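Here is my note on the model you sent. Please read it with the sequence and the coordinates open.

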Amino acid sequence: MAEHKTTSFSSKAGLVLAAAGGAVGLGNIWKFPYIAGENGGGAFLIVYLLCVALFGLPLLLTEFFIGKRSRRSAFGAFSALSGNRRWQWLSWLSMLTALVIMSFYFVVTGWCFCYFCEALTNVFSGMDAAALTNHFGAVVASPLRQILFSLLPVVLTASVLWFDVNKGIERLSKILLPLLLLMMVLMAGSVLMLDGSNVGMRFFFQTDFSKITPSVILEAMGQCFFSLSIGMGALITYGAYMPKNQNVAATSIQVIVLDTLVAILAGIIIFPAVFAFGFSPAEGPQLVFVVLPAVFGQMSFAWFCGVLFFALLCIAAITSTISLMEVAVAFICEASSRPWSKNAKAHPLNRHRSVLLVSAIVCVMVVMCVMSYTGQWPWLKLFGYDLFSAFDQLSSCVMMPLGALGMALFVGWYLPYKGEKPYSGENGFRRAGTKVYMLVLRWLVPIAIVLIFLNSLGLLGV
Ligand code: TRP
């Protein structure tokens, strides 16, 4: 058997902050505003919040339970709990999802690093909306620069995993998250003073129900999975580190509140600025990168705010890439140390080799993403999309919901049938809570995911 994870986080708050640090990332600040902007603002927000309540909470609980009971990472958890290897496909799916997400996530992290350097050298001062849009165009037009900037965070992330400094990350999250929140509140304050900011607020908070279409629902569900990092086993690892008496329900709610708060704050910063400066809310993936420098431009201490914010954004992205890469590394590491054979010991070299292998795969995928996105290799397409957009969609709207569906069926139906109930015990649940949780997990979550899937394949004709 592989070594059981017995080390716990130094405090319960530390675990919440570390889990939230993994969840809060580019998904909240880069992806949420651009997806919301493309999908009707207020209409998207309502559906998103519903998805968080319907899928987010029960699935977060489920992943934590799996980890807490099995004390394993996503690799060994399913077979340890079920006693057979029939559910191993969920581990494989987790690893593949992590790889697919990393290939575009590192590209966007690269943009953040690039913008951080440019904020340092004050490149944006005096640029208007058109100039900022052109500037982003110039950044993504140079494949070499993009590749170099994306490989920097790959190396950084790999070094953290190589030297195994998870404790350091826990400490980092403790300082980073509150600082990021404070900075965002300041930015929101200054944006709301702009003339015309109310147009953006109305766009973001007023729901036009006619804009809620099936594709908005699919996008909102995908964004919810992506932002909370559910459906790919990343949170199982955190569950494995939970002390026995940790209240899982409270922890999940805290992580969700923090994550959603950051996303909404990002919307409150971006949308008023979009309208005040004359951008379009449906700019796509570049939205945040063209709008934010304009926001700093009108803040006092513009240079300092810009530098600090992009620094925080880079760190927030890195805390996410660390836990993403950890999923793939742990998988390869544990798969190669054959945990099911009796006398196999975790070989220290295996971890280092796994880090190298995963980094190499990620580097190749990053290069492919950039070459496809910038149109250098126009033949490199998936389902007719460039690789960047295809991977972005594929992970959020297909792979993570599929993983979530698998886990809901595993904990909702299969484990109780086997006599195992990972949700019972000291998890902060009263009896009524357990009943509601099981009902939602068994019926609501799987049925909703399947319906949304079928609909997006055009099989329901809604
Ligand atoms: N939730 C992260 C974000 O919002 C992205 C992410 C998705 C992630 N899956 C993950 C992070 C798994 C860590 C682990 O940016």
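Is Val367 buried, partly exposed or exposed? Val367 is partly exposed, at a relative accessible area of 25%. The classes are buried (under 20% relative accessible area), exposed (over 50%) and partly exposed (in between), with a 1.4 Å probe and protein chains only.

1. Basis. This is a predicted model, so local features need pLDDT of at least 70 and side-chain atom pairs count only at pLDDT 80 or more, while totals for chains, interfaces and linings use all residues. Residues are numbered from 1 along each chain as its sequence is written, and side-chain values use heavy atoms, with hydrogens and water left out.

2. Val367, continued. Val367 sits in helix H15, residues 348–373. Helices here are DSSP runs (H or I, at least four residues), numbered from the N terminus. Val367 and Phe429 are 62 residues apart in sequence. In space their C-alpha atoms lie 47 Å apart.

3. Core. The largest nonpolar core holds 167 residues. Such a core is a set of buried Ala, Val, Leu, Ile, Met, Phe, Trp, Tyr and Cys residues joined through side-chain atoms within 4.5 Å. Phe55, Met102 and Phe309 have the most contacts inside this core. Helix H5 (residues 88–120) gives the largest share of the core, 19 residues. Phe309 touches Ile29, Leu180, Met183, Met184, Met187, Leu292 and Phe296, leaving aside residues up to four places away in sequence. Contact means heavy atoms within 4.5 Å.

4. H5. Of the 33 residues of H5, 27 are buried, so the helix is largely enclosed by the rest of the structure. H5 bends by about 30° at Met102. The bend is the angle between axes fitted to the seven residues ending there and the seven starting there. At 1.5 Å a residue, H5 should span 48 Å, and its end C-alpha atoms are 47 Å apart, which agrees. The expected span is 1.5 Å times one less than the number of residues.

5. After H5. Asn122 follows H5 and lies in the loop between H5 and helix H6 (129–141). Its phi is near 60°, a positive value in a residue other than glycine. Asn122 counts as partly exposed, at 41% relative accessibility.

6. H4. Eight of the nine residues of helix H4 (residues 74–82) are buried. Among them are Phe75, Phe78 and Leu81. The buried residues of H4 pack against helix H3 (42–70), H5, H11, H14 and H16. Just after H4, Gly83 takes a positive phi of about 80°.

7. Cavities. The whole structure has three cavities of 30 Å³ or more. On a 1 Å grid over the protein atoms alone, a cavity is a set of points where a 1.4 Å probe fits but cannot get out, and a pocket is an open set with protein on both sides within 12 Å along at least five of seven lines; lining residues have an atom within 4 Å of a point. Grid points are joined across faces, edges and corners, and a volume is the space filled by probe spheres set on the points. The largest cavity has about 160 Å³ of space. Its lining has 17 residues, and Gly22, Phe226, Ser229, Ser320 and Leu324 lie nearest its centre. H14 gives the largest share of this lining, four residues. Helices supplying at least two lining residues each include H1 (12–23), H2 (26–38) and H14 (302–336).

8. Ser229. Ser229 is buried, with a relative accessible area of 15%. Its phi is positive, about 55°, although Ser229 is not a glycine. Beyond residues up to four places away in sequence, Ser229 touches Gly22, Ala23, Glu63, Ala234, Leu235 and Met400.

9. Second largest pocket. Its volume is about 340 Å³. Of its 15 lining residues, Leu218, Gln393, Cys397, Val398 and Ser456 are the closest to the centre. Helices H10 (214–228), H16 (387–418) and H17 (431–456) each give two or more residues to this lining. The largest share, six residues, comes from H16.
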